[in-house]
Number of protein chains: 2
Amino acid sequence: MNFQERRTIRKYKKDDIPTEQLEALLFQASRAATMGNMQLYSVVVTRSEEMKEKLSPLHFGQPMVKEAPVVLTFCADFNRFTQWCKQRNADAGYDNILSFMNAVSDTLLYVQAFCTLAEETGLGTCYLGTTLYNPQGIIDLLKLPKLTFPVATITVGVPNECPEQPDRLPHLAYIHEETYQSYTPNQLDIIYYFKEQLEENQKFVEINKKENLAQVFTDCRYTRKDNEAMSAGLLEALKKQGFL
Amino acid sequence: MNFQERRTIRKYKKDDIPTEQLEALLFQASRAATMGNMQLYSVVVTRSEEMKEKLSPLHFGQPMVKEAPVVLTFCADFNRFTQWCKQRNADAGYDNILSFMNAVSDTLLYVQAFCTLAEETGLGTCYLGTTLYNPQGIIDLLKLPKLTFPVATITVGVPNECPEQPDRLPHLAYIHEETYQSYTPNQLDIIYYFKEQLEENQKFVEINKKENLAQVFTDCRYTRKDNEAMSAGLLEALKKQGFL
């Protein structure tokens, strides 16, 4: 598959994904880079209708959770490694924020490697950003022990749609030579011009009665109030899981 | 390329990587999933000898930094988006930990997509986990503004080695059905058996005069003392960059 042709798939056929196929993909993906070869991640596989019903509200009712044959919750995991250390009489000092970030790094590299491999075999994936919005609910449902944390959720299935590809920023928007270059007002206008003039985005501005697209993001989609409330929950969950 | 055949490359030929080739790869990688299509990342490209000299100690002198033609520092970036919002009179509320984690997620998916694409064209990459060890030094050197944060560093070049592939855990070590399954002592023994009996790992145990491999990790490689000191620096840098 040409990676440039990829798109997020939110609608799936009823076809199941055989366990052996899924496990093979999850194993292949483990070739991604990992900190000190510790593989600081775990994956919880959801296939049962009952668990999907319970996961669904934790992802704000996004229909992919109930409609995909498989939902994967990728977790940062220092529990397994720490348990091993304890069993070997070794003092595991991984109950801190650096260790959390190391495990998050391992996990997200692994997630992307998995998605690329799955898509290469013809499967479709959708990344649910909602995992970090309500981690405690997911932790409780999936019985995630201390020193683990849900980081990303991927729904997977055989594609039943071929949506338009969304726009992307011009690459000069995010490439900096030698040091970070601040953006001039004129550069920002250019970088966001294409996105702002898209018909569907102009429609969002109109429907939401906003002055411009940026306000759709800040006032409707990702508001300060929501971000601050969810940040408090995230920090609380990090403490409970033993990383803060 | 077969992803299962990939390996980290730490030794590079002198060949440069043309700007157009690098930019094309960085653009192709932007097809990775991104939160609300915000593309919350930036990449600082280091090619100059002078900057490599200065980056090198921040990565604890790992030789790849000076020897690779290109060093890429991938940064979580809510600055660009926030600047755009400000310019559009929109109240950007992204100075919090949830927004940081969202940007980290975007960034790491992007990093892995880039690495896979680069490797497919025959380039070799090495992921430097040291980026999070001393973020403030990197922030200062690369002049990273508030609401940006260095998350991952990748050295890239034409491979000049083909090292052995390191071991990986059996996939059942990190796959859980429906809920997280705790590990029994016996399972842990099995999961880590292959790693523990590897000759090179047994040598590490001997050289470091430890009882077992777990102690090499906890007492030599990733110690509680180091992790706690670096965690303090990480939290301090997160505050300074406006995310906490």
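In the predicted model, A:Gln83, A:Trp84 and A:Gln87 of helix 4 of chain A meet B:Pro185, B:Leu188 and B:Tyr192 of helix 7 of chain B; two residues are in contact if their C-beta atoms, placed from the backbone, lie within 7 Å. Helices (H or I, at least four residues) and strands (E, at least two) are DSSP runs numbered from the N terminus. The residues of this helix contact divide into 4 nonpolar, 2 polar and no charged. Here Ala, Val, Leu, Ile, Met, Phe, Trp, Tyr, Cys and Pro count as nonpolar, Asp, Glu, Lys and Arg as charged, and the others, Gly among them, as polar. The axes of helix 4 (residues 79-87) of chain A and helix 7 (residues 185-197) of chain B come within 10 Å and cross at roughly 100°. Axes are lines fitted to C-alpha atoms, for helices over the stretch in contact, and angles run from 0 to 180 degrees between N-to-C directions. Helix 4 of chain A and helix 7 of chain B are therefore roughly perpendicular to each other, the class for angles of 65 to 115 degrees, with those under 35 roughly parallel, those over 145 roughly antiparallel and the rest oblique.

Residues are numbered from 1 along each chain as its sequence is written, while chains are lettered from A and ligands numbered from 1 in the order in which they are written. As the model is predicted, local features need pLDDT of at least 70 and side-chain atom pairs count only at pLDDT 80 or more, whereas totals for chains, interfaces and linings use all residues.

Across the whole interface, 93 residues of chain B are in contact with 93 residues of chain A. On the side of chain B that touches chain A, helix 5 (residues 97-120) of chain B gives the most, with 14 residues. By class, that side has 47 nonpolar, 32 polar and 14 charged residues. Since 100% of the interface residues of chain B are also interface residues in chain A, the copies meet through the same surface. Chain B is superposed on chain A by a rotation of 180° with 0.0 Å of shift along its axis (RMSD 0.0 Å), and the two copies are thus related as by a two-fold rotation axis. The superposition is by least squares on the C-alpha atoms of residues with pLDDT of at least 70 in both copies.

An open sheet of 5 strands has the order 5(A)-1(B)-2(B)-4(B)-3(B), with mixed pairing; two strands pair if DSSP finds at least two bridges between them. Its edge strands, each pairing on one side only, are strand 5 of chain A and strand 3 (124-128) of chain B. From one strand to the next the twist averages 25°. Strand 5 (residues 175-177) of chain A and strand 1 (residues 41-46) of chain B run parallel and are joined by 3 bridges. In this pair, A:Ile175 has B:Val43 as its bridge partner. Strand 1 of chain B is also joined by 6 bridges to strand 2 (residues 70-77) of chain B, and these two run antiparallel. There, B:Phe74 is the bridge partner of B:Val43.

Chain A has 10 helices and 5 strands. Of its 244 residues, 48% count as buried. A:Asn102 lies in helix 5 (residues 97-120) of chain A. With 25 C-beta neighbours inside 10 Å, A:Asn102 counts as buried; the class requires 20 or more other C-beta atoms within 10 Å, against 12 or fewer for exposed, with partly exposed in between. Not counting residues up to four places away in sequence, A:Asn102 touches A:Met35, A:Leu40, B:Gly129 and B:Leu132.
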